[in-house]
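Q: I'm new to this one and would like a close look at a single part of it. Could you walk me through that part, and then show me where it sits in the rest?

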Amino acid sequence: MIVSNAVRYPTYVPATVAEALEQKAGVANLLPIAGGTEVMVMFNEGLLAPCPVQSLHRLAPEWGGIREAEGSLVIGALATYTDVRHHPVVRERYPLLVEAARVTGALQIQNRGTLVGNIVNGSPAADTVPALFAYGAQVRLLSTRGERTVAVTDFYTGYRKTVLRADELISEIVIPPPADGARHYYRKVGTRAAQAISKVVVAGVRGRDSVRLAWGSVGPTTLRTPKTEAAIASGADADEAVATLATEMSPLDDIRSTRDYRLAVSQNLLREFLKRTSPGG
Amino acid sequence: MTIRMTINGRDCTTDANPMTPLLDVLRESCRLTGTKYGCGEGECGACTVIMNDELVMSCLVPVMQAEVATIETVEGLARMADDGAEILHPVQQAFLECGGAQCGICTPGMVMAGVHHLRHPELAPDGLAEALEGNLCRCTGYSAIFRAMERAAEAGRPA
Ligand SMILES: Cc1cc2nc3c(=O)[nH]c(=O)nc-3n(C[C@H](O)[C@H](O)[C@H](O)COP(=O)(O)OP(=O)(O)OC[C@H]3O[C@@H](n4cnc5c(N)ncnc54)[C@H](O)[C@@H]3O)c2cc1C
Ligand code: FES
Ligand code: FES
């Protein structure tokens, strides 16, 4: 038996988005639960400080799906990794998301876990966030005060710190269409394929004259490397690009890996990115 | 909050605290102890059940999220023959024949993952290794489990 303290978590189960936002505005420290794959781990381990919780599952009709709107892809807050992996438009146009979903946990995790939960958690090792950075995704935030849209690259302000306000919920992720003919690259390097937390993860999109590169697990937040992007876009060769990367990336030592290892892996991944996405290659 | 579910075809209600993991409700309230507790962190797969035709770790589902859900556990797989004898599900039968279980802790979860894979092979495009990726076994070294799954697949695609 895992639970002994469930009574310390008063529960809210809103039936509509409006009700959910009222609760979020009115109940202090209310913790949303989407797929629960992070919250329940903490809960089961006794690491979740007592707080009121709000399960979003009844909002699935409104927030569950993936759709297209005005040429962009809209991923609802309750859309799971499994939804992403098997959606025809995502498969056709956003291969980095399919790949990121595929390497996140095992099927049981993918069936419950949401991309929005992955974003909010704010871990620099979150595996879908580099893909969302590379595609220029936007996050829609709702509250009883109204709605605002934030670029996912502006969502993080520091290690596990975000711009999400106490009364806000994320309703959806909006992703513009990638440039025609863009080439996509995603790699997760961990200790094993499934279930493992990343040591380095990179997502890249290379268009005719633009490059976007986003890296996970190499800093306090997911980050882009604009100098390296600019160097590649203006025709730098692999050696120059790799040298530029070293000037703007300073990974951390932690229990999963060392700084030097992460930088060396990142440089190798950059070479592979260049090879795989070279125009004509 | 009273939560209604259908477990192995039977209606079931529980007044358990809404945050209680589905695993605890199955084991403690429903006395369906086939589903095992291994880690409580989503890492081992011992608690795997099928919920609304999807494979889930029942330790990570707060029971409130299982409201009105259809749950299938290992106890619901076998059928009763006309003469009252129990007929195992082809995956269970194959585990038995191939030595796919040793200590047995991983087995119910492994069997549920296997049953689900035979129903929906398209959800694991990389095949059996991907389908069973979330289920750890400390005894068998997996090869007997893979043989059992191959045998079950040959025995026909059960419903
Ligand atoms: C065994 C296992 C393996 C894993 N493997 C990986 C992996 O390989 N890569 C990886 O990146 N992650 C992994 N994870 C972590 C986790 O599964 C993901 O981060 C997942 O995307 C979380 O989504 P969720 O819906 O389950 O989150 P929840 O646990 O429901 O919520 C996570 C956080 O997001 C908040 N939140 C959720 N929805 C909203 C919303 N709409 N508005 C505002 N806040 C919200 C919650 O309050 C909470 O703080 C793993 C987890 C487990 C248990
Ligand atoms: S007990 Fe649920 S995954 Fe281990
Ligand atoms: S048979 Fe013992 S863990 Fe698999």
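A: Let's start with one pair of residues: Ala214(A) stands opposite Arg224(A), which belongs to β14(A). Keep in mind that this is a predicted model, so everything here describes a prediction.

Strand β14 of chain A covers residues 223-224, and β13(A) runs antiparallel to it over two bridges. How many residues lie between β13(A) and β14(A) in their hairpin? There are six, and Ser217(A), which sits in the turn, has a positive phi of about 70 degrees.

Now for β13(A) itself. This strand takes in residues 211-216 of chain A. Is it mostly covered or mostly open? Mostly covered: five of its six residues are buried.

If you want one bridge to look for, find Val201(A): its partner in β13(A) is Gly216(A).

Four strands of chain A make an open sheet, in the order β11-β12-β13-β14, and their pairing is antiparallel. Which strands stand at the edges? They are β11 (183-189) and β14 of chain A; each has a single partner strand, so each has one side left without a neighbour in the sheet. That puts Arg224(A), the residue we began with in β14(A), on an edge strand.

In total, its secondary structure amounts to 12 helices and 14 strands. With a radius of gyration of 19 Å, close to the 19 Å that the globule rule gives for 281 residues, chain A is as compact as a globular protein of that length. Its C-alpha trace spans about 60 × 45 × 30 Å along the principal axes. Of the 281 residues in chain A, 57% are buried. Take the contacts in this chain between residues at least 6 apart in sequence: 59% of them join residues at least 24 apart. The accessible surface of chain A is about 11,900 Å², with carbon and sulfur atoms making up 51% of it.

Thr104(A) lies in the loop between α6 (95-102) and α7 (107-112) of chain A. Its relative accessible area is 10%, so Thr104(A) counts as buried. Leaving aside residues up to four places away in sequence, Thr104(A) touches Tyr81(A), Gln110(A), Asp127(A) and Thr128(A).

There's a second chain to meet too. Chain B has five helices and seven strands, and along the sequence they follow the pattern β-β-α-β-β-β-β-β-α-α-α-α. A compact globule of 159 residues would have a radius of gyration near 15 Å, and chain B agrees with that at 15 Å. The C-alpha trace of chain B spans about 45 × 40 × 30 Å along its principal axes. Buried residues account for 52% of the 159 in this chain. Its accessible surface is about 7,000 Å², and 48% of that belongs to carbon and sulfur atoms. Chain B carries 11 positive and 21 negative side chains, with the centres of the two sets 6 Å apart.

Pro21(B) is in the loop between β2 (10-14) and α1 (22-29) of chain B. With a relative accessible area of 0%, Pro21(B) is buried. The C-alpha atoms of Pro21(B) and Val61(B) are 5.4 Å apart, although 40 residues separate them along the chain.

Notes: Residues numbered from 1 in each chain as written. Chains lettered and ligands numbered in written order. Predicted model: local features only at pLDDT ≥ 70, side-chain atom pairs only at ≥ 80, totals over all residues. Heavy atoms only, no water. Rg over C-alpha atoms; globule rule 2.2 N^0.38 Å. Buried < 20%, exposed > 50% of the residue type's maximum accessible area, 1.4 Å probe, protein only. Areas by Shrake-Rupley, 256 points an atom, 1.4 Å probe, with all protein chains shown as cover. Lys, Arg positive; Asp, Glu negative; His and termini not counted. Charge placed at Lys NZ, Arg CZ, Asp CG, Glu CD. Contact = heavy atoms within 4.5 Å. Pairing = 2+ DSSP bridges.
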